[in-house]
Amino acid sequence: MVRTMRRLGAVLAGGLAATALSLGLAGAAKAAPKPPPAGVEITGDGLAEPLRLHADAHPAHVVAVIDQVNFLGRAGQARGPKAADLGPKYTVVVFAGDVPKQTYDLYPKAVGGPRVYRPAKQPDSRKTTAGWFLGRLSMSETLRTAGVPLERQFDTVSGGVGGGERVIPEDALNPAKDIDEALGELQRLLLLNVAVVLVITSGLAGIALLVRRRTR
C-alpha cells in the first residue's frame, strides 16, 4: 500500500512538473517579441522622394524587391560595365522595422542585362566585399510594379538566380504559320533528296554504259 501511494505521488509530481514546464514555455513563447517587419526604400532616377514600402502594407512588393538582391554570393566581379552602359541607377535599402540593414545599387537598363552593385560599406556595419553581379531579368518590371517610373516590359517575368524567364508575345504565336513553314521545309528537303538520288542514278547508269561499250 505504501509503495502504491509513493508511486502515485511520483506520477502526480511528474505530471505537475511537466504541466508547469509546458506553461512556462508557452508563457515564454508568448512573451518573446515578434521580429520587426521587413521593408525597402528605393531612391533614384525619376523619384522625387524616396519610395518606402513596408511588408505589412505591401508584402508582395517588398518580397519581390528583396528577391532581386537576396541571391548574391559572397564575391562578385571587381569591375562592372562602363558608366555609359549602366543606364538609370536605383538604390535599394533593406530595412528590419526602421533599422537599415543592407543597401544595393540596381541598374535595370544596363547594356547586356540588369546589374547589381553591392557596396562594401553596409548600414549594419557587417563585413562584406564590394562587387558587381548579374541581376534578374525581371528587375525592371519588379521596380516598375513597386512604383518606380520605368517603361513596362512584356518579355520578362520572375526569374531565377541571375536571370528570369522570357515570355514570347502572344502575337508571335501562330501555329498554322509554323506548320506551313515546317511542311514547306520538309517538301524542299524531299525534293532535294530526290534530285540527289536522280543525279547519282544517272551517273551510275552512264558509267555502266561506258564500261559496257569498252568491254565489247
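Reader: Is Thr103 buried or exposed?

Author: Thr103 counts as buried because its relative accessible area is 14%, which falls under the 20% cut-off. Leaving aside neighbours within four places in sequence, Thr103 is in contact with Thr91, Val92 and Val93, and also with Pro119, Lys121, Gln122 and Pro123.

Reader: How many of the residues of helix α3 are buried, and what covers them?

Author: Six of the eight residues in α3, which spans 139-146, are buried, namely Met139, Ser140, Glu141, Thr142, Leu143 and Ala146. Their cover includes the strands β1, β2, β3, β4 and β5 together with helix α2. Just after α3, Gly147 adopts a positive phi of about 125°.

Reader: Which residues have the most contacts inside the largest nonpolar core?

Author: In soluble globular proteins, nonpolar side chains tend to be buried together. Here the largest nonpolar core has 22 residues, and those with the most contacts inside it are Ile42, Tyr90, Leu106, Val116, Leu143 and Val148. At least two residues of this core come from each of β1, β2, α2, β3, β4 and α3.

Reader: Where does pLDDT stay under 50?

Author: Where pLDDT is low, the predicted coordinates should not be read in detail. The protein averages a pLDDT of 77, with 70% of the residues scoring at least 70. Over residues 8-21 pLDDT stays under 50, and the model has zero contacts beyond four places in sequence for them; over residues 158-175 it also stays under 50, but there the model has 29 such contacts.

How values were computed: Residues numbered from 1 in each chain as written. Predicted model: local features only at pLDDT ≥ 70, side-chain atom pairs only at ≥ 80, totals over all residues. Heavy atoms only, no water. Buried < 20%, exposed > 50% of the residue type's maximum accessible area, 1.4 Å probe, protein only. Helix = DSSP H or I, 4+ residues; strand = E, 2+ residues; numbered from the N terminus. Contact = heavy atoms within 4.5 Å. Core = buried A, V, L, I, M, F, W, Y, C linked by side-chain atoms within 4.5 Å. pLDDT = per-residue confidence, 0-100.
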